[in-house]
Amino acid sequence: MMEVETVVIGAGVVGLACARALALAGREVIVLERAAHVGTETSSRNSEVIHSGIYYPPGSLKARLCVAGRDMLYAYCRERAIPHRRLGKLIVATSDAETGILARYHELAGRNGIGEVSWKTADEVRELEPEVRCVRALHVPETGIVDSHSLMTSLWGDLQAAGGDVAFLSAVTGGRRRPDERFELELEESDERLVCNELVNSAGLHAPDLARRLEGCGKGAIPQAYYARGHYFTLSGKSPFSRLVYPIAESAGLGIHVTLDLSGRAKFGPDVDWVPSPDYSFDESRRDPFAQAIRRYYPALDDTRLQPDYTGIRPKIAPPEAPAADFRIDAVRQHGIPGLVHLFGIESPGLTSAFAIAADVSAVLTGQRPRTV
Ligand SMILES: Cc1cc2nc3c(=O)[nH]c(=O)nc-3n(C[C@H](O)[C@H](O)[C@H](O)COP(=O)(O)OP(=O)(O)OC[C@H]3O[C@@H](n4cnc5c(N)ncnc54)[C@H](O)[C@@H]3O)c2cc1C
């Protein structure tokens, strides 16, 4: 029987940020990760955008944690020289009907306290981005991009410096809450059990399933998992854009937008493709719908330049027809079990929010605000 004070399951960006915050708060922390590296799932299959916090319902966890997490992330990137750029983004309305939605975003921006957001006319947009066509746009200077791999490597380094570490190839298959109120975990291909006082389930797409496999941990409130795959196409050659360009958001995603990586390469995505189980295969027949969606704001697109790139899967906890669910940080107040935190539905803006989620998780477990940056 191995014993450790605190276990975090999952070494994605959120699990690593939680482990780091708990280690900085004085906990002895081990992260159990079933893969051989950090960030092999959603944390390396996303847009790498530092979101401003504009879209989310005021007062929601997404709204609060995105704005707080964004500022913490920029501060951390500056301090640790993590590659990032505050490029700004344009959200474009391509019809008069869509300008009403932009007005709603503008109002949300104010209520969510995201900072400066300004209206742009079609001519002003052409000056900023000569290839983009629209009726009107909102300019959001706070949006940026980050190298998520450098970020995760740095978080892992901080965790080690604070005395913790990641145990790779350690898949948690189940566990239970013991009569002494500690948690006993079973690991794949091991007869050894790991016992801990505190447990954070940060298993991303698999968090609901894992929660169901923990006996005595309150099964009633565990959400159903749904999977919304998104494809990305890269634009070969030189990028015609110098900032991010987003259409009006759709119900389960933010619309097929332009993002840039730190080398300046443009990519488009992600679309929304509901799948019954996590499946990263790439459906190349998506090229035509992509080209159609992109031409609404970038009419000069040469679709032979679209190269299939990768897919990512949103860890949804609401079905396709329902409005997007908020993040869930289920702790003692939600399930009645001290020492246990489940993170459910940590889809976008989870990368942006990672430091703020970690601060909340650490505060709920330790009763103190951790030193997060
Ligand atoms: C298409 C797409 C685009 C996105 N774009 C953005 C964006 O631009 N900006 C933004 O802020 N957010 C974005 N997000 C959201 C962001 O990527 C996620 O919120 C974030 O990466 C979630 O991190 P995580 O650590 O919770 O999950 P993950 O990265 O999925 O990590 C979970 C880890 O748990 C491990 N694991 C699972 N089960 C077990 C087990 N039983 N035992 C041990 N280990 C286990 C997995 O191997 C994995 O490493 C996007 C998401 C998607 C899908």
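Predicted model: local features only at pLDDT ≥ 70, side-chain atom pairs only at ≥ 80, totals over all residues.
Biologist: Which domains does the assignment give?

Modeller: Domain bounds come from an automatic or database domain assignment. Here we get domain 1 (2–46 + 149–220 + 325–366) and domain 2 (86–142 + 225–316). Their centres, taken over C-alpha atoms, are 32 Å apart. Ten residues of domain 1 are in contact with ten of domain 2, where contact means C-beta atoms, placed from the backbone, within 7 Å. The side of domain 1 that touches domain 2 has three nonpolar, four polar and three charged residues. For those classes, Ala, Val, Leu, Ile, Met, Phe, Trp, Tyr, Cys and Pro count as nonpolar, Asp, Glu, Lys and Arg as charged, and the others, Gly among them, as polar.

Biologist: Which residues come nearest the ligand?

Modeller: A residue is near a molecule if its C-beta atom, placed from the backbone, lies within 6 Å of it. There are 42 residues around the ligand, and Gly 10, Gly 12, Asn 46, Gly 204 and Gly 350 come nearest. Helix H1 (13–24), strand E19 (306–316) and helix H9 (350–366) are the elements that give two or more residues to the shell. Those labels are DSSP runs numbered from the N terminus: helices are H or I with at least four residues, strands E with at least two. Each of domain 1 and domain 2 supplies at least three residues of the shell.

Biologist: Which residues touch the most other members in the largest nonpolar core?

Modeller: A nonpolar core is a set of buried Ala, Val, Leu, Ile, Met, Phe, Trp, Tyr and Cys residues joined through C-beta atoms within 7 Å. Buried means 20 or more other C-beta atoms within 10 Å of a residue's own, exposed 12 or fewer, and partly exposed in between, with C-beta atoms placed from the backbone. The largest core has 114 residues, and Leu 16, Ala 17, Cys 18, Val 92 and Ile 357 touch the most other members. H1 gives the most to this core, ten residues. Leaving out residues up to four places away in sequence, Cys 18 touches several residues, including Val 8, Val 200 and Ile 357.

Biologist: Is strand E21 enclosed or open, and why?

Modeller: Five of the five residues of E21 (residues 340–344) are buried, so the strand is largely enclosed by the rest of the structure. Leu 340, His 342 and Phe 344 are buried on one side, Val 341 and Leu 343 on the other. Two strands pair if DSSP finds at least two bridges between them. Strand E12 (residues 193–201) pairs with E21 in the parallel sense over three bridges, and Leu 199 stands opposite Leu 340. Strand E20 (residues 328–330) runs antiparallel to E21, also joined by three bridges.

Terms used
Residues numbered from 1 in each chain as written. Contact = placed C-beta atoms within 7 Å.
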